[in-house]
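Below is a short report on a structure with two chains in contact.

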Amino acid sequence: MDAPANAPIAPSDLDTQLSVAAGPLGNRGRARLAETALPATGVVIGMALIIGPFLATVIRSMLYWDASGPALSWLNFSGLFADPRFYQAAGNTIICGIGATLISCVLGFSLAWVVSRTDMPGRRWFEVFNLVPFFLSPYVGAISWVYLAAPHSGILSKLLADTFGLPPDLIPIYGIGGATWVLSLFYTPYVYLFVIAPMRQMDPALEDAARVHGAGFWTTLRLVTIPLLFPALFSAALIVFVTSAGLFDVPLALASPRGVRTMPTEIFQLVQYPSDLGRAAAFGVVVMAVTILLTVLQRRYIDRRRFETVTGKGYRPRTIALRSGGRVGALALEIVYIGCAVVLPVIALLMVSLSSIWTGTLSYATLTLHNFEYIIFNYSLTQQAILNSLFLAVTGATLGVAMSVLQAYYVNRGPRQRRALVDAILSLPLGIPGIILGLGFLILAIRTPLYSTLAIILIAYIARFFPFATRTVSSMLLAINPELEQSARASGAGWLQTMRYVLVPLLMPAIVAAWLMLFVIFIRELGATILLYAQGTETISVALVVLSERSFGYVAALAVIQLMLLLTAFSLFRATRASLIQA
Amino acid sequence: MAFVRVEGLRKLFGELVAVDGVSFTVEVGHTLALLGPSGCGKTTILRCIAGLEAGDAGAIEIAGAAVFDRAAGVNLMPEQRDLGVVFQSYAVWPHMTVAENVGFPLKVRRVPKAEIAARTSRILDMVGLTAAKNKPATALSGGQQQRVALARALVHEPRLVLFDEPMSNLDAQLRARMRMELAVLQERLGFTAIYVTHDQTEAFSLAETVVVMNHGRIETVGDPRSVFARPQTPFVAEFLGLNINRGRVVNALPGREGFHVEVALAEGFRIWGVQRGGKPAIPGASVLACTRKEHIAVAKCSDGTALPRPDIVGVPDEQNFIGVTRAASFLGLEEEYVIAIDGIELGAIQPPCGLRAGEPVTVTIRPEEVIVFVAENGCDGG
């Protein structure tokens, strides 16, 4: 960590050559400059990206325009708190968030358990399938569920009405219930990912010890397994609550059409003409305060209750032989989940995208490829949107990952006394809803040349999502023994050479994973984009929203194209990770 | 009376035969040690007895009742077997205090709270952890966690306590102390124990019966003294750290205990030893000569020339050789040497006598200290 700076470093030939170019700073001075300045630059940019929109929102929330111009005032806040719509929106969002958190915790924990700890048939496959929803777009998921379950016209609604004579508006897909259901489906993989790793790494002897000392299966689950996994489950629950409550996509598709207010859709409305940016900013400040409070609570909790269940040993997890009833139950759970989160929505999308007129059933008379042909070859909005999304995703992922490597280095190898604080600040955007960060950048950019450019969208994307990449790279860097770098330095490599030949190759799996993750997020992002786009800078997700008022077929076809991009990234993710582990 | 009876136990992991038809019994109040290198199947046997693995064949009986019988379809759940187990990783629950950990077996047996508190205190007192009672279990050192695991395994006074390499994570001094304490506890509480270890000192000091395992089979069974003094197979000899050298039989004479065999280990290095049991070695047969390092006496030899070999017929009382010290390593009270005699290397351990590498030495070995095994198929031993 700090040792290489003090350790005598033998200059290598290459370093000596470089030092000639470096001029008066000399070899060691130059190396030390790169070593301290580059990671610090990554950290400073990251902090600026967080603090900029944050400050802009706070300041804007306290400015109130009257006849004489802007003045400092609490009027935005008092107006907000006097508005019954604020309480409706906040209440609905909290109900949605809690509901989605509870359902996804139960689903995610159960799925992780049957996949990692039992002999359920096909669990190797389900292990992969369970992650697919993580890579899909919640907005597309929500519109697919409209195709499936809308009253009268939904595929499932029709099927149930025609086969069983049930009322055609049985499934309440519009409103709080529907939004909670779709959010639960999309956030289940978060819980699944959070608990499956500790479930695997847990010393099986901890459960064995309970069994041999007299506890049955359910007692062991209640007294040992769940309490041991509780920290992971609780963190997952807090993160799912914060992110699902802040997600704009699902309420836009399922709550707004019935006039049900939620926090993100309400902020969106406040920015629309006639806009009230001041009140939107005040709403944003309230949400940010709650989010930061919850994030800090979560970190505190985790620091206090970090159990040493992982002893660094490779445990062979003991699989539990299910009885036939258990097998059927586990399989049914998996099939229902994958069916609802992936298979049914994809089938619905394909059916709608291949029909010239959508009536709720697929018929040969209306079967067509026209929707695809039109949005790919003839419609400039969708063509531009696809190009914009690809540009944003590739550029954004590359810049974001480069920044995250520097930040991860700083957080793990930088000045010891600043690491924890920097790590905490850099993780703040993890919970801040995209629409609120979008609002911050809108306020920042509104009177600058950046306004209505792709660049401001790119900056907002990186600002909102780089912590995911930093987390991924950082957790891998944490596992790399600093002696590996120290021995490179002792062998004569400079800091840049050590990064290039030792650290970056070691981190490659995390870098690839982080890049693909950012790519996926940027391809489907909607919350931040919706406030920042202008004519010509639409993305695929924005085009879906714009088109949703015109044509089912075009929306479904464009959603299928987005789905294919996302699934490509997912399969690359699986493929590279597998091959990287083998190497 | 046999308290635990294991009959023909077999366990497969896919293709691998982890336990291959193992049978043994343990008497009431006795300790049986399963000793062997890692991967020999000893832990698997313990897990089968605990009910954490189900054997593929065989039967296990505890206190006269079948807890596992493949043929009869009997397989009791672990919690139905009334055991105490000390795991290698201790498996102390990090989300509970010391007292909660130790009281767990009583809690799940629905013992009244007051009684749990009293019995927990009593057992914590026995293992010397009274002061740590209300600490979180993770705040303890490795040695203390080990005591928590021990107290938890004993608190409900189980009939049988299983130990899975319980001391392998402790340092040498702590291990020696825990060994003594464990012996005292067993004396007081009178439980029957099965103790898995790869450490021969642990096995010999704690157990009435030692079972040496190799590749899922039992190599030898016996009381510690006989297993130690007279290794029954080349594997046991090697596992106990004896020198093992391959040679050919030159001469074999019947003696008081089996056969006296003269073995040529090299052109100029012939040694007399004793073969106990088995078919008598015939001249020319391939054999293994095993010598305990402590039984080889080494002394400085000034001139380095060979002693005239007395041309006696029969077995000498003592045989002397000239060798060279290849390496010396100081162990404290003792020093270990590697000696080469006519190119054959032998290890020797004795009080330090200041020999350095490269020095010529005289080596003295008594014929009855050399154990000769007929090499089967030429692939046994080292």
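Asp69(B) has Val74(B), a residue of S6(B), as its bridge partner. The model is predicted, so local features need pLDDT of at least 70, side-chain atom pairs count only at pLDDT 80 or more, and totals for chains, interfaces and linings use all residues. Residues are numbered from 1 along each chain as its sequence is written, while chains are lettered from A and ligands numbered from 1 in the order in which they are written.

Strand S5 (residues 65-69) of chain B pairs with S6(B) in the antiparallel sense, over two bridges. Two strands count as paired if DSSP finds at least two bridges between them. Helices (H or I, at least four residues) and strands (E, at least two) are DSSP runs, numbered from the N terminus. Strands of a sheet pair through backbone hydrogen bonds, either parallel or antiparallel.

Both strands belong to an open sheet of five strands in chain B, with the order S2-S1-S4-S5-S6 and antiparallel pairing. Strand S2 (16-27) and strand S6 (74-75) of chain B are at the edges with a single partner strand each, so one side of each has no neighbour in the sheet.

Chain B contains eight helices and 21 strands. Its C-alpha atoms fill a box of roughly 80 × 50 × 35 Å along the principal axes. Of the 382 residues in chain B, 40% are buried, meaning that 20 or more other C-beta atoms, placed from the backbone, lie within 10 Å of the residue's own.

The contact between the chains takes 20 residues from chain B and 20 residues from chain A. Two residues are in contact if their C-beta atoms, placed from the backbone, lie within 7 Å. On the side of chain B that touches chain A, strand S7 (83-86) and helix H2 (98-107) of chain B each supply at least two residues. The largest share, three residues, comes from S7(B). The classes on this side of chain B are tabulated here.

| Class | Residues on the side of chain B |
|---|---|
| Nonpolar (Ala, Val, Leu, Ile, Met, Phe, Trp, Tyr, Cys, Pro) | 12 residues |
| Polar (the others, Gly among them) | five residues |

The largest nonpolar core has 272 residues, and Val195(A) and Leu518(A) have the most contacts inside it. Such a core is a set of buried Ala, Val, Leu, Ile, Met, Phe, Trp, Tyr and Cys residues joined through C-beta atoms within 7 Å. Helix H23 (residues 495-524) of chain A gives the largest share of this core, 16 residues.

Methods
A residue is buried if 20 or more other C-beta atoms lie within 10 Å of its own, exposed if 12 or fewer, and partly exposed in between; C-beta atoms are placed from the backbone.
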